[in-house]
Amino acid sequence: MILKNLSEIFGPSGNECEIRDFIVETIKDHVDSLKIDKMGNIIAFKKGKNKNSKKVLLGAHMDEVGFMIKSIEENGMLRFLPAGSIDKRVVIGKNVLIGKEKVKGVICYKPIHLQRKDYNNIPDFDSLVIDIGSTEKKDAEKYVSVGDYAVFDTKFEKKGNIIKGKSFDDRLGCAAIIEILKERYENDLFGAFFVQEEVGLRGSKAAVFNIPADYAIVLEGTSAADMPHSKDEPDYPKMGDGVVITISDRSFFVHKDLFNETVSCAKENKIKYQFKQPMVGGTDGGEIHKSKEGVKTIVFAVPSRYIHSPVSYADLRDYRSMVDLTKKLLNKLK
Amino acid sequence: MKNLVKDLTSIIGPSSYEEPVVDYIEKSLKGKKNLEIKKDALGNLIVRKKGNGKKIMVAAHMDEIGFIVKHIDKNGFIRFAVVGGLFPHNIIENHVVFVNGVEGVIGYENKNFNWQNIPKTDEMFIDIGAKDKKDAEKKVNIGLLGAMKPTFVDLGKRISTKSLDDRIGCAILLQLALDDFQTDNDIYYVFTTQEEVGLRGAKTSAFSVSPDFAIAVDVTGTGDTPETHIMEVKLGEGPAIKVLDSGMVVRKPVIDFMVDVAKKNRIPYQLEILKGGTTDGMMIQTNKEGVLTGVVSVPTRYIHSQAEMCDMDDVENSVKLIKEILKMDLSKRGF
């Protein structure tokens, strides 16, 4: 299952080589042309069946949240920085993989026996270290070096329609584009896989400058909110309730005509959809829609619980809804 | 012109929902055959008065701060997210209007209230008088936008209402577009969108217009109320020519040019140094290779509240100043 590969492959923001190689290898026989730009984005092109077709950009980001090793202590412990936004509270005690050789490590913190209720305080990233089982700097330096990246060490699992793993934000979007690129549509299609989304929508900003898109559809993994709540507050999007359509987030408002067309297309084809909570988060759509003279943009996502943590869940039926809706639009947009 | 401002400020047009403002402007410009009008993907309204001279972009934003529906609870109360700089202390127990005309009032969770702490906006809700969720859902839905209720107060020379930021700029641009003054310059009046959420409309419109010179028209704060920040700008002392704000430094040749025009035409003016905030000017100035950009600001008190106040003399003088600038041969200044 390609989702297993996509979820497990190493690719934190700024170090997308492995995931990029995998995607290129997977799509190269299905597209008319393919290039990698100066930022490291993949831009694939597939001509439409219709001669007077519109140009649609389909984008997802390859990078995932991770860490960078910033120094090695005398005792062999590794100091690190987060790459992308990660809740400090979810990293303690988690397994990580470091660098090209995938050296195993664990993010360590004092065991409870050695604490005086330190656990009441949330530690800063500055006070945390990654332990690779070395006891001195010299030894640690054999395995890792300053500037190496690390990601969560998580195996992909599947049970019925439910998948569990890391990096569903945004490898689910990558999987969808890979699948969509296998067919030809009425409209011209640019399939783009961006770098460095998690550190500030950087890849898409450069990529879209050279893509003459009439429309853009961004495919994402977004946070599901169907977990216990202490008061009557928003609990959507929910896993299993369909593809998530963004009305607005902190980077973007949807193009109204495109939004209306999308919703009617979903209804027509009985594709399950739901909305994202307005004004939450941001995606590559933020950079794309205000590129050059402006691009009519919409963002779809698969709702996923606990994104930006070592483990997320998602429902394959929502993924299917996202792929189906996108395919329908690729033939429909005029 | 007061009526024009009253009309424009009574429109509900939060960021991304500027269409009602567009409609009003288009209706006002109907029959002006010398103007070309187009819209772009972000909804900017670009009104061109064609000429053979330099390309000048004059920009004012149509959008206002507001809010968006996030959740309707079982009792029919509405939770919302803010759109732009809608500040908690300005909105408690204010009346609000949704873009579909439904009205309401902003309430807040008060079980832990104390006078020292202003509740945050996620501790507030909008009460539309619904008896439960079902009843509320007949009137509003997730994603519906709204803004503060217009309350135009006529104080003579001075007026006070919501969204002078930046309908006052729209009024100035509209007044200029309606005026058949002579100029060789190629003028683009750009009514921009989504300024309050990050100068987004200005970005795409500046890219497509690609002007030789630009003027953003917006409001600025004042230093003339009791015990306020130190700031030279006062209400009624003339349009403010921007020197600096937190997003841009206006180039010296541009400031000098605007000051010269004001002096030559005996138009009162003030120099503006604003500590917080910025305008579309910032985005236009850094477009492509960079654009020589100035800002004409209308001094305004109580910005981002339901009771923003400005002086109509400053508004009229802003029109005069910009008109004189638009008549100038910019190549003589090396622009």
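In this predicted model, chain B contains an open sheet built from 3 strands, arranged in the order 10-11-17 with antiparallel pairing. Strands of a sheet are held to one another by backbone hydrogen bonds, in either a parallel or an antiparallel arrangement.

Strand 10 of chain B is joined by 3 bridges to strand 11 (residues 158-161) of chain B, and the two run antiparallel. Within this pairing, Val153(B) has Ser160(B) of strand 11 of chain B as its bridge partner.

A helix accompanies the sheet. Helix 9 of chain B, which comprises residues 312-327, lies across strand 11 and strand 17 of chain B.

Chain A may be considered at the level of its domains. Its domain assignment gives domain 1, made up of 2-64 + 166-332, and domain 2, covering 66-152. Taken over C-alpha atoms, the centres of domain 1 and domain 2 of chain A are separated by 31 Å. Contact between them involves 12 residues of domain 1 of chain A and 13 residues of domain 2 of chain A. On the side of domain 1 of chain A that touches domain 2 of chain A, the residues divide by class into 4 nonpolar, 5 polar and 3 charged.

Definitions and conventions: Residues numbered from 1 in each chain as written. Chains lettered and ligands numbered in written order. Predicted model: local features only at pLDDT ≥ 70, side-chain atom pairs only at ≥ 80, totals over all residues. Pairing = 2+ DSSP bridges. Helix = DSSP H or I, 4+ residues; strand = E, 2+ residues; numbered from the N terminus. Contact = placed C-beta atoms within 7 Å. Axes fitted to C-alpha atoms, helices over the stretch in contact; angles between N-to-C directions. Domains from an automatic or database assignment. Nonpolar A, V, L, I, M, F, W, Y, C, P; charged D, E, K, R; others polar.
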